[in-house]
Amino acid sequence: MARLSWEEFQALTPEQKAPFFQREGRPYHALVAQQFDRPFLDRLCELATRTRRIAKTRGGRLFLQDLLSDKRAMLYFAQPSTRTFLSFYAACQIVGLQPAEVRDTSTSSELKGESPEDSVRTFSSYFDLIIMRHPVGGFAERIAWLLSNTERSVPVINAGSGKDQHPTQALLDIYTLQRSFEPRGGIEGKRIVFVGDLARGRTVRSLSWLLLQYPGVRQVFVAPPSLQIGEDVLAYLRRAGVEYHLTDDFESEIPAADAIYMTRIQDEWDVNRESAALDTRRFKFTAAHLPKLKPDAILMHPLPRRDEIAPECDADPRAMYWRQVRNGMWVRVALILIIFDRDVEVDRYYEDLTR
Ligand code: NCD
């Protein structure tokens, strides 16, 4: 990565960039969904499950807490966040990584005119891992590129960048899908229906890429025409020979769905409050939809929700969004352990536990 100029690097496709984020066959940075292949996804899910199993006992929790207790992490969140921030924070605590945070750039030297690039370079002087969320798409990649040109490069995890990617959300979504469909032959061949603001929702974009790793998955994109999924994602699906379907008729898609993934209208990106003029009533899941949903289908949402899913649906066993929240913490634990090459110790502990 260091040998390319920023312009040369930026001109690469996400697939071409992906190898630059890996070191010795494992992610060093975690920046784009395209860097995760199927063996990695399977391994991450397995490790997440093993870690949460180990954490059931006090001895296990103390073992985990010692794994990275010599390291510190900076959580730099320049955009609002509840779950992603807290789950990373808790994940750091589980493996003993000491977390620090900058969430409000008005309290940092950015207010004095320091560039965000210089701020992040400062973090790398004190910390061993940078976890960051930023409104500018590709900003985490730029930081990773910049750091690779310094003598103190540290791993960077993208916790949400602009409208383009939210790779760790996609990883926890995969973990949730995998666990839910385990008794039904896995994610392969399932029909996944994405609903809402697919033009600006970064979680759907990242998850759509990851689903390419599972043969036979059909992807359905349900949105008002002006908020449909980007042509770049569709081009990629076509190249991969994946079956997909675009529609604005949500009602008709409910009965055949194996998973419905609801999202909110991302109106923080509106230039002139244009979302307010859209009729989004047809893109909501209500209690009246529950009887139409297959008995073994699941209902997902990255959260935060507004009224895309009626709270009356929460008690239905097919509602997975609160499980997604919990799964997110364990997937982030697993990702951090893999980045720091401490996962094999977890395997050893797990084998002793289950012997
Ligand atoms: C999402 C995000 O920030 O992209 N939230 C999350 O991290 N779970 C979705 C959203 O804000 O709608």
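Author: Domain bounds come from an automatic or database domain assignment. On that basis the protein chain is divided into domain 1 (6-166 + 328-344) and domain 2 (167-326). The model is predicted, so local features need pLDDT of at least 70 and side-chain atom pairs count only at pLDDT 80 or more, while totals for chains, interfaces and linings use all residues. Residues are numbered from 1 along each chain as its sequence is written, and side-chain values use heavy atoms, with hydrogens and water left out.

Reader: How many residues of domain 1 and of domain 2 take part in the contact?

Author: The C-alpha centres of domain 1 and domain 2 lie 25 Å apart. Contact means heavy atoms within 4.5 Å, and it takes 38 residues from domain 1 and 30 residues from domain 2.

Reader: What is the area buried between domain 1 and domain 2?

Author: Buried area is the accessible area (1.4 Å probe) that two parts lose on being put together, summed over both. Between domain 1 and domain 2 it is about 3,000 Å², and carbon and sulfur atoms give 57% of it. In domain 1, the residues that lose the most area to domain 2 are Arg83, Lys163 and His166, together 25% of what that side buries.

Reader: Why is the pair of glutamate 15 and arginine 239 called a salt bridge?

Author: The term requires a side-chain nitrogen of Lys or Arg within 4 Å of a carboxyl oxygen of Asp or Glu. The closest N and O atoms of glutamate 15 and arginine 239 are 3.4 Å apart, and therefore the pair qualifies. Across the interface of domain 1 and domain 2 the rule finds 2 salt bridges.

Reader: Which helix gives the most to the side of domain 1 that touches domain 2?

Author: Helices (H or I, at least four residues) and strands (E, at least two) are DSSP runs, numbered from the N terminus. Among the elements that each supply at least two residues of this side of domain 1 are helix H3 (38-54) and helix H5 (83-94). H3 gives the most, with 9 residues.

Reader: What makes the pair of arginine 43 and aspartate 343 a polar contact?

Author: A polar contact is a pair of N or O atoms within 3.5 Å; within protein, one must be able to donate a hydrogen and the other to accept it, and residues adjacent in sequence count only if both atoms are side-chain atoms. The side chains of arginine 43 and aspartate 343 make such a contact at 3.0 Å, and therefore meet the limit. Arginine 43 is found in helix H3.

Reader: Which residues surround the ligand?

Author: A residue is near a molecule or strand if one of its heavy atoms lies within 4 Å of it. The residues around the ligand include Arg202, Arg264, Gln266, Leu303 and Pro304. A polar side-chain atom of arginine 202 lies 2.7 Å from a ligand oxygen atom. For glutamine 266, the corresponding distance from a polar side-chain atom to an oxygen atom of the ligand is 2.8 Å.

Reader: How do you know that the peptide bond from leucine 303 to proline 304 is cis?

Author: The omega of this bond, from leucine 303 to proline 304, is near 5°. Most peptide bonds are trans. Proline 304 is found in the loop between strand S11 (298-300) and H12.
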